[in-house]
Amino acid sequence: MTTKFGMGRGLADIKQEMGNIPDISVLTGAGRVVVKQIPLAQIGANPDQPRKTFTESELADLTASIRERGVLQPILLRAVTGRPYMYEIVAGERRYRASKLAGLTEIPALVKQITPENAMEIALIENVQRENLNPVEESAAYKNIMEKCGYELADVARLIGKSESYIRNLIRLDDLPADVKQMVARGDISASHARTIAVAENPTELARAIAEKHLSVADTEKMVRAAPRRAASRAHTSKTIDAATVREIEAKISNVFGAPVKLREKRGGAGQIIFEFATRTQMNELVDKLVNHNA
């Protein structure tokens with residue numbers, strides 16, 4: 001019998017021990033997955049790890065547990081080249097950090113062949129499922145995976161199981177000044193407050209007023225309606241292409257070049273047209289079509 005994660009007979013207990021690992025296609029298939037002991041010196045952190053904040057208290061608790069019982073839940077790694085380390089963490093950076101603090105020299109891990117895009121997906125899913133991210137980290141993670149992988153709101157929504165409106169509203173936090181983001185991360189103001197003031201011209205001033213006066217979200221909305229809006233926000237609102245038009249443009253381009261296409265509009269009317277291909281051969285064919293089209 002084979003589990004849905006592609007683990008062979010006798011390894012089903014590993015899945016239970018690993019906990020809520022991401023249920024994602026990259027972890028399925030016929031390949032046998034084996035837990036190995038990997039030296040910590042050969043492991044590096046993922047630069048696209050959504051979670052940036054690891055508190056001393058939670059690391060201390062986990063470090064104490066690891067000293068007493070060891071690492072019960074293997075981390076997930078992918079082999080990399082051109083880095084000062086051999087393996088990059090896909091999921092489990094907190095366990096990795098605590099293991100170093102506990103004085104371990106190696107850690108149990110699953111090593112899989114995973115693309116950078118899939119690694120970002122898995123790291124995002126794991127952190128969202130376990131509610132490890134503060135709103136600012138979650139916002140930055142959604143924006144990062146959309147920009148680096150060419151994903152649309154609908155793609156991210158399907159990936160993490162949340163609505164497009166939830167993701168769209170949260171991404172607005174990434175446009176806030178650094179000092180306001182810090183206030184959200186510390187809990188001085190809520191994510192709902194921050195989303196409300198993200199369109200304002202003076203979000204820092206408004207954020208301080210919210211914290212000092214303990215304003216409700218409803219009061220904040222009234223304050224924002226009376227405040228000037230950011231020029232970039234006005235420009236983006238006036239130039240956004242509706243979803244139906246985006247799909248129509250994507251279909252037209254795809255029909256001409258015979259490849260999946262994604263159109264991404266950015267603020268101020270800028271944007272990207274992204275072509276997708278599955279193999280090197282398809283890439284070469286697409287390049288030929290682009291170079292020779294109407295030549």
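Leaving aside its neighbours within four places in sequence, with which residues is R78 in contact? Select R78 and display everything around it: the contacts (heavy atoms within 4.5 Å) are M86, Y87, E88, V90, K112, I114, T115, P116 and A119.

Before going further, note that this is a predicted model, in which local features need pLDDT of at least 70 and side-chain atom pairs count only at pLDDT 80 or more, while totals for chains, interfaces and linings use all residues. Residues are numbered from 1 along each chain as its sequence is written, and side-chain values use heavy atoms, with hydrogens and water left out.

**Stop 1: R78 and its sheet**

R78 lies in strand β3, residues 75-79, where helices (H or I, at least four residues) and strands (E, at least two) are DSSP runs numbered from the N terminus. The residue is buried, with a relative accessible area of 9%; buried means under 20%, exposed over 50%, and partly exposed in between, with a 1.4 Å probe and protein chains only. Show the side chain of R78 together with the backbone of I114, and you will find a polar atom of that side chain 3.3 Å from the backbone oxygen of I114.

Now colour the strands. An open sheet of five strands runs in the order β1-β5-β3-β4-β2, with mixed pairing, and its edge strands, β1 (35-39) and β2 (43-44), each pair on one side only; two strands pair if DSSP finds at least two bridges between them. Four bridges join β3 to the antiparallel strand β4, residues 87-91, and within β4 the bridge partner of A79 is Y87.

**Stop 2: salt bridges**

A search of the whole structure finds eleven salt bridges, each being a side-chain nitrogen of Lys or Arg within 4 Å of a carboxyl oxygen of Asp or Glu. Start with R83 and E88, whose closest N and O atoms are 2.4 Å apart; R83 is partly exposed at 37% relative accessible area, whereas E88 is buried at 2%.

Then select D155 and K262, which form a salt bridge of 2.6 Å, N to O. Because D155 lies in helix α6 (residues 153-160) and K262 in strand β6 (residues 261-265), the pair ties together parts that are 107 residues apart in sequence. D155 counts as buried at 16% relative accessibility, and K262 is buried at 15%. Finally, display K143, D174, D175 and K181, which salt bridges with shared partners join into one network.

**Stop 3: H214**

In the loop between α10 (203-213) and α11 (217-225), select H214. Most residues other than glycine have a negative phi, but H214, which is not a glycine, has a positive phi of about 55 degrees. This residue is exposed, with a relative accessible area of 70%.

**Last view: the whole chain**

Buried residues make up 43% of its 295 residues. Of the contacts in the chain with a separation of 6 or more, 64% are between residues 24 or more positions apart.

Technical notes. Polar contact = N/O pair within 3.5 Å; in protein donor to acceptor, adjacent residues only side chain to side chain.
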